[in-house]
Amino acid sequence: MAKTGYKITVRQGFEGREHLLNSDADDSHRLISATVSKEINSYPSLSITVPPSNVRYDDFKMYTTFVRVIRADTGKVVFDGRVITPSDSMDSSGTLQESITVEGVAGFLHDSVPAFKEFHNTTPRDFLQWLIDQHNSQTETYKHIRLGTVNVTNSTDNVYRYTDEEKDTFSNIQDKLTSRLGGEIVVHEDNGLVLDYLVQQGGIAQQPIELAQNLVSLTRQTDPTSIFTVLKPLGATQEPSDGGSTDTAYPRLNISSVNGGSSYLYDQDLIQQYGTQVKTQTWDDVTTAQQLKEKGRAMLANQANLKVTLQLSYLDLSHVTPDHFTAFELGDTVHVISSVQSIDMYERVTAMSIDLLSISNSSLTIGEDDMNEERYEKMQRTQSNSDNALLREQMDSQARIAAQNNADMAKTIADLQDQINKLSNSNSGGSGSTAHIGKIIDLSEFQGSVDWAKVNSDDVSLATIRVQDGSDHEDKTYKNNFANAQKNGVRYAAYAFFRGQSLSDSENEATNFYNRAKGAAGSGAKPVFYMIDVETTEMNHTISAMRNGVEAYMNKLNSLGIPDNKIVLYIANQMYSSLNLNVSRAGSIVIPSYGKNDGTLSGSSKPGHPYDLWQYTSKGSVAGISGNVDMNTEPSDRFKSQYLS
């Protein structure tokens, strides 16, 4: 059994015999990494990196091998799923490892495709039952699912629906139900697989997350990209009544007949504040122009246009005092308290990442929902009173329990105190206790073999090590550089050159970056930050798409447990303005500006944009490294407090 409190087993076939995969007791059951990721309305996944020394290294077969994660102290199944992509790799030094992606059992819904069928006068439950029946008729017995609780309803059950025979069952559920009616799909085990369709999953979390107790780091971000100021409402398809038309597409009902000839609704106050931002919304069940106009007005007036998210890493107190606390579950409402950021709020867990090998590296995404301006301003204020007195009373009761922590809790808090103090100093504007700042360098395979003992002796405070150039090129020396930086006590960070050609490609790059860095770090010191190097126009050579590509990259790192304050952006000085990246989100900004590039500060010219670190030359010199080295200077206070304290 792993010391972290999770037991991971592997079996051949859904009902096969289980074999232990992980243990800290011997190298034959060691794993390099293992992380469970969960998100609302998506099936959970598990990522594992296995060294060849593990006795189960050759046991992973596509679709037929199953992996289960069990909470050791409670026996609760945290994850169960099947292997999708086993892939092995070997670096230039001959080091082997296998990366395993496992999808949760809800992924079985990808294995069936419903027939085309039209529905009238059908409730969401009946429609979903038909889809499940189709799935069960096409798949093996162990993939069969029965319908459980369905409490999502539709005010007009006579709405016209049809299934898409070109999409699988999972995609039909998302397209025809959750994307239109809302609600959340949950697949769980209860004497077989059960699917629930709920207005909202989760309950009230038993433990709060609070600075100076179990909060390790927290980043709050606001995304205004969903704002709209002009709305074009569309209703049901207008098919001709005479049956004489042979068109295969028909226009939809609009509001022009009851809106002075215009199909659009305008909010002049929002236009004055944000400019013209047009959105279209379709209501298939609306058949009169006046009803459509009323729905459009209500949507425009009550729009939730600000997406607010908290990304936080935490210590799950249920591992420390299981008698007092239960683990966080997806959908739970959590009380989050960070006095230095004026945060005292209740929000839901919309995504979570559980590090099975190091519980303190786990993370939550809290409150990734839409807010109107009034609610956003309210959240910004310190909330002295909850809107829901009963919820507040329940949360305060749990806080009183937390105050009675036993000796194990006290020890855990003491271990975290240094990290918390640094976080507090950083967020409140203090500089923290920063040691002498020596050389700050970047290096990659271009520097060849490095003598890290000499590097350490040459007053190097931080070395940022390249891991990859896009997904396809893995740096030839990063694994040795990671290991030797750890061995010689050199503080280090990781970086990757951005080459994303689409949003999904950017997310894939981020996943590879994270997995490679984590695998190379092993059980030693972790990189102090993850840097994204943006110097070229990618995203299919479209500079206007670069911001979204980098955002997708950062979002994926978030989902893997890396908060924004551990993500650094390296931005080409001459492209800074045109790229228009979300620099306020990153933990720090690094900008190169070389001038004469003669290896000296006097021959360099400062960047023309705000920065937290200036890379002033690519021709620096460091003991233990042959040839030129990228050198950096002038770290900001936040850079020093976050990465050099």
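Rings of Phe, Tyr and Trp (its six-membered ring) count as a pair if their centres lie within 6.5 Å; planes under 30 degrees apart are stacked, over 60 edge-to-face and the rest tilted. By this rule the count comes to 19 aromatic pairs.

This is a predicted model, in which local features need pLDDT of at least 70 and side-chain atom pairs count only at pLDDT 80 or more, while totals for chains, interfaces and linings use all residues. Residues are numbered from 1 along each chain as its sequence is written, and side-chain values use heavy atoms, with hydrogens and water left out.

## Overall figures

The protein chain has 13 helices and 30 strands. Both are DSSP runs numbered from the N terminus: helices are H or I with at least four residues, strands are E with at least two. Of the 645 residues of the protein chain, 50% count as buried. Buried means under 20% relative accessible area, exposed over 50%, and partly exposed in between (1.4 Å probe, protein chains only). Contact means heavy atoms within 4.5 Å. Among contacts in the protein chain with a separation of 6 or more, 66% come from residues 24 or more positions apart.

## Aromatic cluster

Phe 14, Phe 66, Phe 108 and Tyr 142 form one aromatic cluster.

| Pair | Centre to centre | Angle between planes | Class |
|---|---|---|---|
| Phe 14 and Tyr 142 | 5.2 Å | 15 degrees | stacked |
| Phe 66 and Tyr 142 | 5.9 Å | 85 degrees | edge-to-face |

Phe 14 is buried, at 17% relative accessible area. Tyr 142 is partly exposed, at 28%.

The pair of Phe 66 and Tyr 142 also links distant parts of the chain. Phe 66 sits in strand β5 (residues 65-71), 76 residues from Tyr 142. Is Phe 66 buried or exposed? Phe 66 is buried, with a relative accessible area of 1%.

## Charges over rings

A charge sits over a ring if NZ of Lys or CZ of Arg is within 6 Å of the ring centre and within 35 degrees of the ring normal. Arg 11 lies over the face of Phe 14, at 5.4 Å from the ring centre. Lys 117 lies over the face of Phe 119, at 5.4 Å from the ring centre.

## Helices α1 and α2

The axes of helix α1 (residues 124-138) and helix α2 (residues 169-181) come within 10 Å and cross at roughly 170 degrees. That makes α1 roughly antiparallel to α2. Axes are lines fitted to C-alpha atoms, for helices over the stretch in contact, and angles run from 0 to 180 degrees between N-to-C directions. Angles under 35 degrees count as roughly parallel, over 145 as roughly antiparallel, 65 to 115 as roughly perpendicular and the rest as oblique.

Which residues of α1 make the contact with α2? They are Pro 124, Phe 127, Leu 128, Leu 131 and His 135. From α2 come Thr 169, Asn 172, Ile 173, Lys 176, Leu 177 and Leu 181. By class, the contact of α1 with α2 has seven nonpolar, three polar and one charged residues. Here Ala, Val, Leu, Ile, Met, Phe, Trp, Tyr, Cys and Pro are nonpolar, Asp, Glu, Lys and Arg are charged, and the others, Gly among them, are polar.

Phe 127, in helix α1, is buried at 0% relative accessible area. Leaving aside neighbours within four places in sequence, Phe 127 is in contact with Phe 119, Thr 122, Arg 161, Thr 163, Lys 176 and Leu 177. Phe 127 and Arg 161 are 34 residues apart along the chain, and their C-alpha atoms are separated by 8.7 Å.

Thr 178 belongs to helix α2. Thr 178 is buried, at 13% relative accessibility. Not counting residues up to four places away in sequence, Thr 178 touches Asn 41, Ile 173, Gly 183, Ile 185 and Tyr 197.

## Positive phi

Most residues other than glycine have a negative phi. Asp 459 is not a glycine, yet has a positive phi of about 60 degrees. Asp 459 is in the loop between α8 (452-457) and β23 (460-469), and is partly exposed at 38% relative accessible area. Asn 597, also not a glycine, has a positive phi of about 55 degrees. Asn 597 is in the loop between β28 (588-592) and β29 (613-620), and counts as buried at 14% relative accessibility.
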